[in-house]
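User: I am new to this structure and would like a close look at one part of it. Please keep to the aromatic rings.

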There are 2 protein chains.
Amino acid sequence: MLAGHRTWVFDQKPVIISTGTVGGPFEANGMLANDFDLLHSDLWLKQDTYEQAHRVLFEEACQKAMEKGGLRKEQVQFLLGGDLINQMTPTSFASGTLGTPYLGLFGACSTSMEGLALGAYIVNTKGAKYLLTGASSHNAAVEKQFRYPTEYGAQKPPTSQWTVTGAGAALLSDEGEGPHVTSATIGRVVDMGLTDPLNMGGAMAPAAVDTIEAHLRERNLDPSYYDLIVTGDLGRVGHEVSLDLLKKHGTPIQEEQYKDCGLMIYREGQPVLAGASGPGCSATVVYGHLLNRMKKGEFKRMLVVATGALLSPLSFQQGETIPCIAHAVSIEYGGE
Amino acid sequence: MLAGHRTWVFDQKPVIISTGTVGGPFEANGMLANDFDLLHSDLWLKQDTYEQAHRVLFEEACQKAMEKGGLRKEQVQFLLGGDLINQMTPTSFASGTLGTPYLGLFGACSTSMEGLALGAYIVNTKGAKYLLTGASSHNAAVEKQFRYPTEYGAQKPPTSQWTVTGAGAALLSDEGEGPHVTSATIGRVVDMGLTDPLNMGGAMAPAAVDTIEAHLRERNLDPSYYDLIVTGDLGRVGHEVSLDLLKKHGTPIQEEQYKDCGLMIYREGQPVLAGASGPGCSATVVYGHLLNRMKKGEFKRMLVVATGALLSPLSFQQGETIPCIAHAVSIEYGGE
């Protein structure tokens, strides 16, 4: 199981038997609209508050995953998930609706892979027959919290990113058909002393690099083992910084195999500045678009490196730096 | 490993090889002062902000645990923990200081046992040789966030509780000497429709009862198996409500064996109204006082049921109910 200090190898190959992905209007106009199970034409989802809409996004993603996997909620043993909202109320309320035993996770935008790592670990070691894991974000709920008052319409610098309105969930089991989760490397906090909350990609890049290099080292793999190494939401700035760092460290990574979910989901011309972000970014892109491509046989092995900036509006106001983290999970399909 | 739908039994008996507990001035005047490794005479811990002081509490608890366990931080593979502050910055910054691979958990005041459950699971299945888990809270940082503006000095009703300033951490391993973690039952969200954030104990009581009953049912145990069944922070009101519910359901629990950490830590006469609360409450009482008593041979088997109210100031303002959860972990020592 343990391969090195912070890497687990899953010898029982837990299976992602189904996924559910839900998006909002901006995502419906994006590049990956066809990869969502459900798209909403407005941000309210018939709810009274953005936070309730956020909750519904996650509920729907979980329900879609169960529906596609042919499972009733009573069969699901655990739900592992989280979001960015204070005290994670959208995920907690959703878990109440589903009634599933619940392990709340906080990893900011890295939550998707924190959940997949722990979920695959639990399934691999027979701690559950079926479990759900996922993450979500809602643009308006998150903006309200991090950029209040949004009504001022403050202009953002080109380094800033657009929070995805979306939720992605995966149903894992120890048997069944689908992509396998083969290993995971847990991130540590990397804090380079940056303090600009409008350049989160730049802040997170070193954490992504730290985790990628730890993963390759502890598994004794060459980057070429993976058809795709995909980060969560580094955006344009962070993607370039991380690529520079990897090259500088002599990690033989190819630009063609190194991508970022935050640069995939929106269309050229959408006003998203440096790209997408939010826990829903990697969750929807991986559990929708990327697994769909795997199932079509476009590639066989990918390493997903979800990145998170663990700051808060208060820590920023108090002049603190931005602690960042990245968790990596490898998913393989059709390679056996 | 799996005993029932949401209970794990740890056949390899992961060991709590050491713990660290740190408290503030109110705790120093409390009933359990002698059980803390470190007590601070003021709330600032020489820091500029309460949030930084909160971070230091957790760092010190982890450092104490490592020191007492004779380990260097490089030997610790994972840190599993969390707190109540928005985006959990105190725990994340502390994990940056320690440099340990980090899995952030959010379970409000149930975080201590969410972490111990997952940590013991990972050690039991050889996913780590050594890991740290813990939780913390800081009275002034939490009050500021949940009861702002605290300067108004708003009077509180007798049902409200006092947030502990404290941190507790446990170092787990698959070998060594100390109390064993023998099983865990993961909670589900129980929401009885209560909305009063100043009666959290009453809101959480049904979640505690749900988890205790699930644990006994899935492990097929009579409550008398445990010398002590101890809830996290139900306080006076929640403790009575939960006892009533257990009796009403015919669960044969004795009042003498059923206690609450929130009713242990402070002294009669301290102005804490219905008792103590906060993630640091069960973390310090269990990892300090209760394990000390176990090591003295006062009792052999306990079930710790840490309770959490997963609300936020915003969810309250929006008229939402309080979703509650409780995670139970059994610890045994000297019974073999």
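User: Is B:Phe26 buried, partly exposed or exposed, and what is its relative accessibility?

Analyst: This is a predicted model. B:Phe26 is partly exposed, because its relative accessibility is 22% and buried means under 20%.

Start with its stacked partner. B:Phe26 and B:Trp162 form a stacked aromatic pair. Their centres are 4.2 Å apart, with 15° between the planes. The two residues come from distant parts of the chain. B:Phe26 lies in helix H1 (residues 25-28) of chain B. B:Trp162 lies in strand S7 (residues 162-163) of chain B. They are 136 residues apart. B:Trp162 is partly exposed too, at 23% relative accessible area.

Now take the pair with B:Tyr266. The ring centres of B:Phe26 and B:Tyr266 are 5.7 Å apart. Their planes meet at 80°, so this pair is edge-to-face. Again distant parts of the chain are linked: B:Tyr266 sits in the loop between strand S11 (258-260) and strand S12 (276-277) of chain B. B:Phe26 and B:Tyr266 are 240 residues apart. B:Tyr266 counts as buried, because its relative accessibility is 7%.

B:Phe26 thus pairs with B:Trp162 and with B:Tyr266.

For context, the structure holds 15 aromatic pairs over all chains. One aromatic cluster draws on both chain A and chain B. Its members include A:Trp8, A:Phe10, B:Trp8 and B:Phe10. A ring can also face a charge. The charged end of A:Arg301 sits over the ring of A:Tyr225, 3.9 Å from the ring centre.

Notes:
Residues numbered from 1 in each chain as written. Chains lettered and ligands numbered in written order. Predicted model: local features only at pLDDT ≥ 70, side-chain atom pairs only at ≥ 80, totals over all residues. Heavy atoms only, no water. Phe/Tyr/Trp six-rings, centres within 6.5 Å; stacked < 30°, edge-to-face > 60°. Helix = DSSP H or I, 4+ residues; strand = E, 2+ residues; numbered from the N terminus. Buried < 20%, exposed > 50% of the residue type's maximum accessible area, 1.4 Å probe, protein only. Lys NZ or Arg CZ within 6 Å of the ring centre and 35° of its normal.
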